[in-house]
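I opened this model to look up a few backbone, packing and ligand details, and I kept these entries as I went.

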Amino acid sequence: MKRFGLNNVVDLRGRSARGGAGADVSGAVPPGPGGRRARHIVAFGGGKGGIGKSLVAANVGIALARAGNTVLLVDADLGGANLHTCLGVPQPSTSLSDFILRGVPLAEVAVPTPIERLTLVSGALDSLDAANPRAKVRAKLLDEFQSQDVDYLVLDLGAGTGLHTLDFFLLADHGVLVVLPEPTSVENTYRFLKASLFRRLQQLARELGVEKLAEPALGSRDSAMRTPADVVAHVRSADAAAADALAAALQAYRVKLVVNQVRAPADESVGPAVASAWKKFFGLDMDYLGGIPYDDAAWRAVRKRRALLVETPDCEAARQLSVVASRLAALDPRPGTP
Ligand SMILES: Nc1ncnc2c1ncn2[C@@H]1O[C@H](COP(=O)(O)OP(=O)(O)OP(=O)(O)O)[C@@H](O)[C@H]1O
Ligand SMILES: [Mg+2]
């Protein structure tokens, strides 16, 4: 039997009004206290550092803004913020720390960028407290993200599987994992997927009132967990209706994938391969949004502190980033597509 070890605890505060990472469990989850105003939330993660999460988040954000959407890009990499550089703007004097430490509303923390309709909340740089927010602060952040009045809230996540990173990912309508065609990156992707699924299962079990029942099947902080089907079967032994609801909500947990730094045609196959392994072992669908070529223009743009879609909009990486943005937007009902 396939098992995986995970190490997170549940905290449901600030759950998305519409589920997360593509989940649509409308009705099962009450809206956050602030009420949801962000039309679509997209989070870019990947578990591993240095794989292009920020580059992809910044440029997909630009493509969405150019297509007519209002976009708020948030540097949610609480320990290693640098999204402003990928976006080609100087370090703003305000940052997420102002919200985390002093409660300044995000709308006041956000700064305009040279791209029309695109604003930026720069990452927290100055405090360990801000880098490791406790449950209460995480909940406040989740509520604040949801209450932004924009077409797209785009979150650039840090590396690793910290609780705030998982919660930001699960809050999103579209949780997008960036993966490199390298074994280390693929390994970290699976690790992130399992950790996020574990947390999602815990959230759903709590929402459905079967937390205690699901607990033995989910395992605890240091123990292994069975597949989602095993957890559903365990719940079914005592509560068939809850098991049906859990199974249905799980099917809505639909992660998206982007392969970055594609250098050879075979590299692209990593996307469909990860998706089919995910389906085989965990029974869940995944959407592959496409590959972005390795392109010298990409690192050159970062070195010049310029956004790729601004600096070299016609290069192949820029084109493919726009394609990814179009595919994401196509998953949503309008407001706009690149
Ligand atoms: N498609 C690409 N082609 C060439 N170089 C790339 C590409 N994507 C990313 N890079 C290079 O990789 C570097 C790291 O990218 P980025 O900062 O976006 O990664 P990250 O995953 O956000 O890292 P961190 O985990 O540190 O936040 C970029 O500065 C750029 O030099
Ligand atoms: Mg980054």
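This is a predicted model: local features need pLDDT of at least 70, side-chain atom pairs count only at pLDDT 80 or more; totals for chains, interfaces and linings use all residues.

Arg305 has a positive phi of about 55° although it is not a glycine, and its place is in the loop between α14 and α15 (308-311). Helices here are DSSP runs of H or I with at least four residues, strands are runs of E with at least two, and both are numbered from the N terminus.

Residues are numbered from 1 along each chain as its sequence is written, and chains are lettered from A and ligands numbered from 1 in the order in which they are written.

Next I checked Arg117, which has a positive phi of about 75° although it is not a glycine, and which sits in the loop between β4 (111-112) and β5 (118-121). Is Arg117 buried or exposed? Arg117 is buried, because 20 other C-beta atoms lie within 10 Å.

I then turned to the sheet, where eight strands form an open sheet in the order β4-β5-β3-β6-β2-β7-β9-β10 with mixed pairing (two strands pair if DSSP finds at least two bridges between them). The edge strands are β4 and β10 (286-293), each pairing on one side only. I found that β9 and β10 pair in the parallel sense over seven bridges, and that Asn260 has Ile292 of β10 as its bridge partner.

For the ligand, I listed the 20 residues around ligand 1 (C-beta atom, placed from the backbone, within 6 Å of it), of which Gly49, Gly52, Ser54, Ala298 and Trp299 come nearest. At least two residues of this shell are supplied by each of α1 (53-66), β9 (255-262) and α14 (296-303).

Last, I looked at Leu155, which, leaving aside its neighbours within four places in sequence, is in contact with Ile41, Ala43, Phe44, Val74, Ala76, Phe168 and Ala172 (contact means C-beta atoms, placed from the backbone, within 7 Å).

Terms used. A residue is buried if 20 or more other C-beta atoms lie within 10 Å of its own, exposed if 12 or fewer, and partly exposed in between; C-beta atoms are placed from the backbone. Two residues are in contact if their C-beta atoms, placed from the backbone, lie within 7 Å.
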